Amino acid sequence: MQSHTISEEPNIDANQSKPPKKRSGRQASVVPLSPKERSELEAVVRKSTAPIGQVARASIALWSNEGVGTNEIAQRLQISTETVCKWKRRFINYGVELLDDAPRSGKPRSIDDEKIAEILRITLEEEPPLATQWSTSSMSKRIGVSPASISRIWRTFGLKPHVLGYFNISTDPAFAEKVRDITGIYLNPPDAALVLCIDEKTQIQALDRTQPLLPMRPFVPERQTHDYKRNGTTNLFAALDVASGKVITNTTKAHRAIEFIAFLDQVKKEVPKELEVHVILDNYATHKTDAVRAWLIKNPRFHFHFTPTYSSWMNLVERWFSELTTKMLHTSTHKSQKQLVASINTWAERWNQDPTPFRWVKTADEIFASMAKYLGN
């Protein structure tokens with residue numbers, strides 16, 4: 001199928017008296033667009049019956065005008081960077097009026113625009129029989145087009161029926177205020193202060209496989225039984241120093257307010273006494289008990305900053321928990337709770353020997369803009 005192919009530089013018809021007028025000025029990497037041109041191109045992208053090639057080329061012009069890089073545009077459209085550069089040059093030199101392919105030789109398209117529009121409509125609006133999402137084979141049977149062609153059309157329009165994404169939008173009435181507070185601390189930390197991200201990873205299981213592991217060999221991965229034995233659990237408290245990437249940890253049998261306060265006392269002993277301490281943490285009930293509030297009154301250099309509800313992604317210690325899980329917990333076995341605790345402590349000690357800070361880069365306004373775009377607002 002050739003309907004989504006983006007062609008070479010435009011050929012000039014021999015019958016034309018002169019080529020399209022070339023725009024003057026220095027050639028740039030960003031396609032210049034007037035408000036009218038942007039509006040027309042956005043209409044092409046929104047039009048469900050627009051030819052695939054036109055949609056792709058209009059997207060190149062729009063994204064380039066927004067400052068999106070060539071590599072990113074190529075990835076979004078599943079085409080080569082050479083093709084993106086070729087069309088950017090064309091738009092810069094001749095304007096965006098020429099969205100159509102130049103006449104070409106060879107076999108004509110076998111799938112017309114109406115058929116493509118019907119495939120897209122069915123994909124987005126209907127369910128297949130005996131399934132909840134379309135596959136290339138089920139769509140092929142329904143529409144009479146080869147599975148390979150279906151796959152190419154879906155890739156061109158960024159459709160992935162087999163993929164299910166998840167989201168959970170915060171309902172916190174103080175969401176905007178908390179986002180601005182935390183991003184402000186990350187991007188502009190207070191002077192003479194330490195910024196810590198604190199959280200607990202609860203119910204970590206000491207798992208052991210029912211049979212010994214089979215070691216990795218050439219062309220054969222390490223193998224383990226699908227079933228396992230549970231040998232107890234532990235809870236891990238961690239405080240991540242945002243500036244250095246180092247962590248303070250402690251494992252406990254429970255994760256009540258009393259254990260949380262004990263961990264705060266441990267943190268207080270390990271951080272320099274002359275520094276104010278700004279703590280980023282979530283809204284877990286044990287973080288807000290009367291006992292914790294009393295501890296804060298006795299320790300006025302500690303300041304709590306709560307993330308919005310359903311927004312654990314704003315707490316950078318979750319990144320460290322992810323490292324621990326993927327690099328140690330997920331692939332290890334432990335015959336006892338004591339062995340599990342020893343492994344966690346050893347891993348944390350080795351991390352602190354060569355820590356990796358997690359850098360926050362987005363401002364609050366950028367977060368709000370991303371959310372609005374994601375939600376279609």
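These legends accompany close-up views of a predicted model.

**Figure 1. Overview of the predicted model and its confidence.**
The protein has 377 residues, of which 39% are buried. Its secondary structure comprises 13 helices and 5 strands. Of the contacts with a separation of 6 or more, 70% join residues 24 or more positions apart. The mean pLDDT of the protein is 86, and 89% of the residues reach at least 70. Over residues 1–28, the pLDDT is below 50, and this stretch has 63 contacts in the model beyond near neighbours in sequence.

**Figure 2. Salt bridge between Glu-72 and Arg-76 within helix α3.**
The structure holds 13 salt bridges, and Glu-72 with Arg-76 is one of the pairs, with 3.0 Å between the closest N and O atoms. Both residues belong to helix α3 (residues 70–77), where a spacing of 4 residues corresponds to about one turn of the helix. Glu-72 has a relative accessible area of 33% and is partly exposed. Arg-76, at 32% relative accessibility, is also partly exposed. Side chains of opposite charge can pair when their charged atoms come close.

The side chains of Arg-121 and Glu-125 form a salt bridge with an N to O distance of 3.6 Å. Arg-121 and Glu-125 are 4 residues apart in helix α5 (residues 113–125), so about one helical turn separates them. Glu-125 is exposed, because its relative accessibility of 59% is over 50%. Arg-121 has a relative accessibility of 30% and counts as partly exposed. Both residues take part in a network of salt bridges that links Glu-118, Arg-121, Glu-125, Glu-126 and Arg-142.

**Figure 3. Salt bridge between Lys-335 and Asp-208.**
The closest N and O atoms of Lys-335 and Asp-208 are 3.2 Å apart, and the two residues form a salt bridge. Lys-335 sits in the loop between α11 (317–327) and α12 (337–353), while Asp-208 is in strand β1 (residues 193–209), so the pair ties together parts that are 127 residues apart in sequence. Asp-208 counts as buried, because its relative accessibility of 9% falls under 20%.

Ser-59 is part of helix α2 (residues 52–65). With a relative accessibility of 7%, Ser-59 counts as buried. A polar atom of the Ser-59 side chain lies 2.8 Å from the backbone oxygen of Val-55. When residues up to four places away in sequence are left aside, Ser-59 touches Val-45 and Leu-77.

**Figure 4. Packing of helix α6 against helix α7.**
Helix α6 (residues 136–143) and helix α7 (residues 147–156) have axes that come within 8 Å and cross at roughly 110°. The two helices are therefore roughly perpendicular. On the α6 side, the contacting residues are Thr-136, Met-139, Ser-140 and Ile-143. Their counterparts in α7 are Pro-147, Ile-150, Ser-151 and Trp-154.

**Figure 5. Packing of helix α5 against helix α7.**
The axes of α5 and α7 are 11 Å apart, and the helices pack at an angle of about 75°. This arrangement is roughly perpendicular. Helix α5 contributes Ile-116, Ile-119, Leu-120 and Thr-123 to the contact, and α7 contributes Ile-150, Ile-153 and Trp-154. Ile-150 and Trp-154 of α7 also meet residues of α6.

Most residues other than glycine have a negative phi. Leu-130, which is not a glycine, has a positive phi of about 60°. Leu-130 lies in the loop between α5 and α6, and its relative accessible area of 94% makes it exposed. Ala-192 is not a glycine either and has a positive phi of about 50°. The loop between α8 (175–187) and β1 contains Ala-192. Ala-192 is exposed, with a relative accessible area of 55%.

Methods: Residues numbered from 1 in each chain as written. Predicted model: local features only at pLDDT ≥ 70, side-chain atom pairs only at ≥ 80, totals over all residues. Heavy atoms only, no water. Salt bridge = Lys/Arg side-chain N within 4 Å of Asp/Glu carboxyl O. Buried < 20%, exposed > 50% of the residue type's maximum accessible area, 1.4 Å probe, protein only. Polar contact = N/O pair within 3.5 Å; in protein donor to acceptor, adjacent residues only side chain to side chain. Contact = heavy atoms within 4.5 Å. pLDDT = per-residue confidence, 0-100. Axes fitted to C-alpha atoms, helices over the stretch in contact; angles between N-to-C directions. Parallel < 35°, antiparallel > 145°, perpendicular 65-115°, else oblique.
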